[in-house]
Amino acid sequence: MTLRELEQLIADDEGGTVEFKETTGQRGEACKTLCAFLNKCGGTVVFGVTRKGKLTGQLMADTTKRDLFDAFQAFEPAADINVEYVPVDETHTAIVCRVDRGNVQPYVYEGRPYKRVESSTTVMPQEEYERMLRERGGFASDWESRINPNLKLDDIDCDEVCRVARKAVHVGRLDASVDTEDAPALLDSLKLSRDGRFCNGAAVLFGKPQLDDYWQLELKMGWFKGTTDRNFLDNEHVFGNVFKLMDAAMAFCFKHLNLSAFIGGKLERDEELEIPAAALREALVNAFAHRAYDGDCRTVYLAVYEDRVEIKSPGTYPSKFNLTTLYDPPIKDSTPRNPKIAHVLYLCKMIETWGRGIGVMASECQRVGLPLPTTVQEGGYVITTFRRPQVLESGSNLDQGDPDPVQIDPDPDAIFRSKLLQTIRFNPLISRKVLSDELGVSERKVRKALDDLRQSGVILRQGPEHGGIWRISIRRDVENVDRNGMWSTEKGSATRQKVDRNGSESAEKNTETEERIISILRQDQHATQGNISKMLGITRTYVTKIMGRLQTRGAIRRVGPDRGGHWEVLV
């Protein structure tokens, strides 16, 4: 280091990674700070700088270097400290001691661990020290692999095991030759059981509700008025395995978050949750997959406030992560605490790709113009927070007296259909029963709504009733036109449209016009039929006919009066 470089370093003053000492007579305090730097992100201690930040250097005696060397021997594990001597004038020298982030954290000096808090060095709390010691042997926990002799096959939801295996085969992450109906064999192959005895991980993933030994398998959810947790509007406690808790958490989000229209990079404007469901789902999966289970009866929390959504999970992030830059590129390496649990969630595509969950949350929020999420560690929890858009748009400061943020639509059936379609978009494999649970309605109501949407052509069923998938599409591809000038949809249903004598309203043209009108309405819900006619270069009569057809099928609806109302796209 040159003298000029040293002067520039000193000009920035002390901080989280820089500390000044007047002489090596303060080497004990300096070594405590170096220990704190080793336990965090590295840093520099400079001897020969006064408290006021004046570079003076110090006289170098014969014993100076030896005293420093002896002091450095009190680090455990041994520390790699880079020492440079920078002449300040003919008789005085500054000593610069620099360390990088330690490779075998935690480090101690004279038997005590230290940490850096802004520009101060303090003794590290015992809980943090013990956590870092555990991470030294690897962040992964062995709790999920421990056998619980009290856990029996009757405590395992074998149907859930088989369902997850079928989904893993369907998405191509499990070999198709696997017997997806043999739950015990599947648990064996997933290393969740040994010799007929079951691991804790099997209970987390597939246990039935209210297992006596697993009070961790609870999710607490709250919807609050204002920005504090003093006034509940709704609160739910759910017990069950990870899949049940995920379903309950997403249903709670759909229940209490608004549906908003976001404009992407194309003409269409899509209806979705005000905070993208994919981002929420990633945060919730992380909360369950990477939480601390060992000896911990604390639960995961999901809290919906008027200005934000918080997901709170017991445990900590690996110490190698800097949470202030967690959502900045590049994608961070995955470090699963519970690798067996995470592996099963990966197989059934709840975890998309190793290490990409953080990136998904960031990109989804950026896509719809929301700020990046924030993640902090506090009180033994990891807390991830998403900001809600209505507060950001209004710039208001919410308090306990603010009105209810959820605006109730005068047509609850339309809200139900919209949430139903959004849920299907998110999970095409979802069953009627799970739809019923997530939306908080009867299976009969779900079945009727699905039948209505299928008859109107808004959704299609591909594959068998049990094990098939849902598809959502307004477009119909014509297979044939019969001798009477009638055309049928791809499923050959009886829903047919007459082609006029001039052939000007062919099926292909109808379909294209429908899609263009829907795109315009997504962009501008107040668009009039006259405006649409001018934009598309077609007659107003034709626009009226096509929009009437879309209303009949339930693809769009009119909210409010003809004058002063607006259009709502339901698909």
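**A walk through the sheet and its helices**

Let us begin with two strands: strand 16 (residues 308–314) and strand 18 (residues 381–387) pair in the antiparallel sense, over seven bridges. Strands here are DSSP runs of E with at least two residues, helices are runs of H or I with at least four residues, and both are numbered from the N terminus. Two strands count as paired if DSSP finds at least two bridges between them.

Before going on, a word about what you are looking at. This is a predicted model, in which local features need pLDDT of at least 70 and side-chain atom pairs count only at pLDDT 80 or more, while totals for chains, interfaces and linings use all residues. Residues are numbered from 1 along each chain as its sequence is written, and side-chain values use heavy atoms, with hydrogens and water left out.

Six strands form an open sheet with mixed pairing, in the order 12-11-15-16-18-17. Its edges are strand 12 (232–239) and strand 17 (374–378), each of which pairs on one side only. On average, neighbouring strands of this sheet are turned by 15° against each other, direction ignored. In general, strands of a sheet pair through backbone hydrogen bonds, either parallel or antiparallel.

Two helices rest against these strands. Helix 8 lies across strand 11 (218–224), strand 12 and strand 15 (300–304), and runs at about 5° to strand 11. Helix 9 packs on the sheet as well, touching strand 11, strand 15, strand 16 and strand 18, and its direction makes about 20° with that of strand 16. For these angles, axes are lines fitted to C-alpha atoms, for helices over the stretch in contact, and angles run from 0 to 180 degrees between N-to-C directions.

Next, find helix 10 (residues 339–347), where Ile341, Ala342, Val344, Leu345 and Leu347 are buried. Buried means under 20% relative accessible area, exposed means over 50%, and partly exposed is in between (1.4 Å probe, protein chains only). What covers these buried residues includes helix 5 (158–170), helix 7 (200–206), helix 8 (242–256) and helix 9 (277–289), with contact meaning heavy atoms within 4.5 Å. After helix 10 comes Lys349, with a positive phi near 70°.

In one of them, Lys244 joins Glu160, with the closest N and O atoms 3.3 Å apart. This pair links distant parts of the chain, as Lys244 is in helix 8 and Glu160 in helix 5, 84 residues apart. Lys244 is partly exposed at 37% relative accessible area, whereas Glu160 is buried at 6%.

Arg308 forms a salt bridge with Asp307 at 2.9 Å between the closest N and O atoms, and another with Glu310 at 2.8 Å, N to O. Asp307, Arg308, Glu310 and Arg387 are linked in a network of salt bridges. Among its members, Asp307 is buried at 9% relative accessible area, Arg308 is buried at 14%, and Glu310 counts as buried at 19%.

Key:
Salt bridge = Lys/Arg side-chain N within 4 Å of Asp/Glu carboxyl O.
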